[in-house]
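User: I have the sequence and the structure open. Can you walk me through them, starting with the terms you use?
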Amino acid sequence: MLYREAGQFRSSYAEDQQIFPIRQDRIGIALLLVVAFIVVPLVGNQYWLSAILTPFLILALAALGLNILTGYAGQLSLGTAAFMAVGAFMAYNFVLRMPWLGAIPSFILAGLCAAAVGFVFGLPSLRIKGFYLAVATLACQFFVLWVIQRWGWITNYSTSGVITAQTIVLFGYPIATPAAKYLFTLSIVAVLALAAKNLMRSETGRAFMAVRDMDVAASVIGIPMMKTKLLAFAISSFYCGVAGALYTYTYLGTVEPEAFTLDLSFRVLFMIIIGGIGSILGSFLGAAFITLFPIFLNVFSGWLSHLTGQDISHAVISNLEVIIFGGLIIFFLIVEPNGLARLWQIAKEKLRLWPFPH
Amino acid sequence: MNRTAISTAALAIAAAGLPAPAGAQMEQFIPANFYWVGPYAASGTGFAAGILDYFAMLNERDKGINGVRLTWEKCETEYNNARGVECYERQKKKGPTGATVMHPLSTGITYSILEKATADKIPVISMGYGRTDASDGRVFPYIFPLITNYWSQNTAKIKFIGQKEGGMDKLKGKKIANLYHDSAYGKETIPVLDVQAKKYGFQVTHIPVPHPGNEQQSQWLQIRQLKPDWVILRGWGVMSPTALKTAARVGYPRDKIIAVWWSGAEEDAIPAGDAAKGYITAGFNLPGTSYPVMQDVLKHVYKKGKGEFEDPSRIGSIYHTRGVVAGIVTTEAIRTAQERFGKGKPITGEQMRWGIENLNITEARLKQLGAVGLMAPLKISCMDHEGGGPVKFLQWDGKAFKPVSDWVPTDQSIVRPMIEASASQYALDNKITPRDCSKEK
């Protein structure tokens, strides 16, 4: 009833090609942005801003990066955390060694460094595919961490290999409070998400999808394999690199290379599998599910034992959380293998017909 | 179930989750952010049980500290930095005065909350782990790597080796291999070993073991070629039993292996079976249930069925008594702070910092606490956030850890200049003006 596009006519190409062709969607996204940019920093407390929303946004950006590579261009990668690590440690070095550069250019340069690493480790994708490529990117994961741990210059010769993020200053305003960090992260994520959405609607994005669907056919119709695949690796790594820089600067503060282990790569991969492969929205939904759901279970189990008065052993609860979480992942994959984004799409289609489904 | 029932249930759950109302004013809240799952659960559960059992014992026996009951809430960190930060943020405002003190029980989480806790004025006690140069209280006012940090422990190890060799001058020309977990934690002692190698004239070889360390064949073959006189085992989790088993396989004598305290618990020794027999570990606490304080824990907590452990055989294990020592240090600091800021009143994080900085657990106080021998006396100051406590060496006899040394003092003449250099570098990088300790009251 509310969500019906009857009466909305598109009379120009521009209108036909806009990102959100349905008016209700436009209103919805505008409201969401207003809430995220204005309401949340005003009402959100420190816990929500710095422990829930900021990491969610950062991991959504990393998932977005991986989704460009795996979801759109069809190249399986297990090196996400390594690209994030490159971004994090290079951002640290740019801010440390070129303080006149400013935060945003440092982050962009850090992202470009990650893109360069992604480019190099994308080269095997010209020859190998699927699981074999995943193994090649696995090498990247271990190699990058190994270099960061061995090469003292990267950590500014810190004995334990740990870096402490400097306070970044933007237009004379230090990004130090949780609200400022949240807004900074949100702005970068919003801009990059918009860029990704448009990229995927452009010729480049279509080339990515053609390569994903059938690379032989794509090369027959004239899509350059090398350029497309390497570009996908570079763009994806850029996104992951920026996410890594944000992870250090607006979330953890002090990081060791072990913050970017294979475990994180897998988590980001699960995010896009759960959220929806080849979907911008899916990256956000998946990140929300993977990062927030375990916390919710943890809080919920506390409530439950509070409510029932049953003093359940905490070790049991902790293990139950992991079991429930794993079970839910399997459940979702069976019910909707295309991820949460597809569920959202189905809901939208149903809403259009509601209350008179035919 | 209809919708009304669901929403009623949801409301009820939400209501139950709200903070406890009035009457909670005489409580001292301490977050219990530990880990009960994952690869390091053995240490997480042991330490958590120790500290919480001690708190529960104080609540039962003495009705808290001067009438202020200790309360806590558990939060699962999974030994994961991101989850640790989430737990920190979730817990820091709870209780009438907010979180009193944090025990992150992970070097990584200690790093991740270091600046946040300093900004929030919540002391962090990283007992026997964490950032070594935080021992300089002028630069790190809220971070307390109490009792003995890694560098101090390392100097005690070298002294112990010297004792075994028959004098520090006998170390000249000896070979020591440093087998370490390839992480920030593992790398922490490399510089202090290099300095000592130069000072005493022994040769040190650093051999990294990639995380998690369940495959060490090549490292131990390297050790066999090297034929070191001693091996320092700086392990964590599964790495420790694997090292002992692999040492047995390549025929390296176990009684020449000296482990860090995170490799020296029953949970590390038992999985290695016979291969563990004879290896030596450092410790700042001793296992056992014979101490009066442990007897009180048994009497007031476990007899009433309120203990944390379901498996009674773990009571008095190394991790358990380490948790009890953490409990003693924490509550003694609260007591010290109460004496200054008002007896029988909950204290804030800032007051707790004063309490820890003025902590002085003397031999006489240990006797009152019933913990003589469980730990060494401890004195903290604004300058020294560590205490530089001595280290005891224990040997695994196949069933239990037996002390094989007295309390070996650490060598602060080596450690302290390194800490000050490293801390002042940190202050420089992060534009921190160190405090003037003479002005602290």
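Analyst: Start with burial. A residue is buried if 20 or more other C-beta atoms lie within 10 Å of its own, exposed if 12 or fewer, and partly exposed in between, with C-beta atoms placed from the backbone. Helices (H or I, at least four residues) and strands (E, at least two) are DSSP runs, numbered from the N terminus.

User: And the ground rules for the model and numbering?
Analyst: This is a predicted model: local features need pLDDT of at least 70, side-chain atom pairs count only at pLDDT 80 or more, and totals for chains, interfaces and linings use all residues. Residues are numbered from 1 along each chain as its sequence is written, while chains are lettered from A and ligands numbered from 1 in the order in which they are written.

User: OK, S12 in chain B. How many of its five residues are buried?
Analyst: Four of the five are buried, so S12(B) is largely enclosed by the rest of the structure.

User: What does S12(B) pair with?
Analyst: S9(B) joins S12(B) through four bridges, running antiparallel. Strand S13 (residues 401-403) of chain B also pairs with S12(B), antiparallel, over three bridges. Two strands pair if DSSP finds at least two bridges between them.

User: Which residues face each other?
Analyst: Ile280(B) has Gln395(B) of S12(B) as its bridge partner. Gly283(B) is partnered by Lys392(B) in S12(B). Toward S13(B), Leu394(B) stands opposite Pro403(B).

User: What about the hairpin of S12(B) and S13(B), how many residues are between the strands?
Analyst: Four residues lie between them, and Gly398(B) in that hairpin takes a positive phi near 105 degrees.

User: Zoom out. What is the strand order in the sheet?
Analyst: The order is S6-S5-S7-S8-S9-S12-S13 in chain B: seven strands in an open sheet with mixed pairing. Strand S6 (203-209) and S13 of chain B are the edge strands, each pairing on one side only. From one strand to the next, the twist averages 30 degrees.

User: Which helix sits on it?
Analyst: H5(B) packs on the sheet, touching S7, S8, S9 and S12 of chain B, and its direction makes about 135 degrees with that of S9(B). For those angles, axes are lines fitted to C-alpha atoms, for helices over the stretch in contact, and angles run from 0 to 180 degrees between N-to-C directions.

User: Is H5(B) largely enclosed or exposed?
Analyst: Largely enclosed by the rest of the structure, because 12 of its 16 residues are buried. Among them are Tyr150(B), Trp151(B), Phe160(B) and Ile161(B). The buried residues of H5(B) also pack against helix H7 (190-200) and helix H15 (412-429) of chain B. Contact here requires C-beta atoms, placed from the backbone, within 7 Å.

User: New topic. Where does Gly355(B) lie?
Analyst: In helix H13 of chain B. Gly355(B) is buried, with 26 other C-beta atoms within 10 Å. It touches Ala333(B), Ile334(B), Thr336(B), Ala337(B) and Ile347(B), not counting residues up to four places away in sequence.

User: And the rest of that helix?
Analyst: Eight of the nine residues of H13(B) (residues 349-357) are buried, so the helix is largely enclosed by the rest of the structure. Those buried residues pack against strand S4 (143-144) and helix H12 (318-341) of chain B.

User: Now the A–B contact. How many residues from each chain?
Analyst: 28 from chain A and 33 from chain B. On chain A's side, the elements giving two or more residues are helix H3 (46-72), helix H12 (280-308) and helix H13 (314-335) of chain A.

User: Last one. What is the secondary structure of chain A?
Analyst: Chain A has 14 helices and four strands. Its radius of gyration is 21 Å, close to the 21 Å that the globule rule gives for 358 residues, so chain A is as compact as a globular protein of that length. That radius is taken over C-alpha atoms, and the rule is 2.2 Å times the number of residues to the power 0.38. Of the 358 residues of chain A, 44% count as buried.

Definitions and conventions. Two residues are in contact if their C-beta atoms, placed from the backbone, lie within 7 Å.
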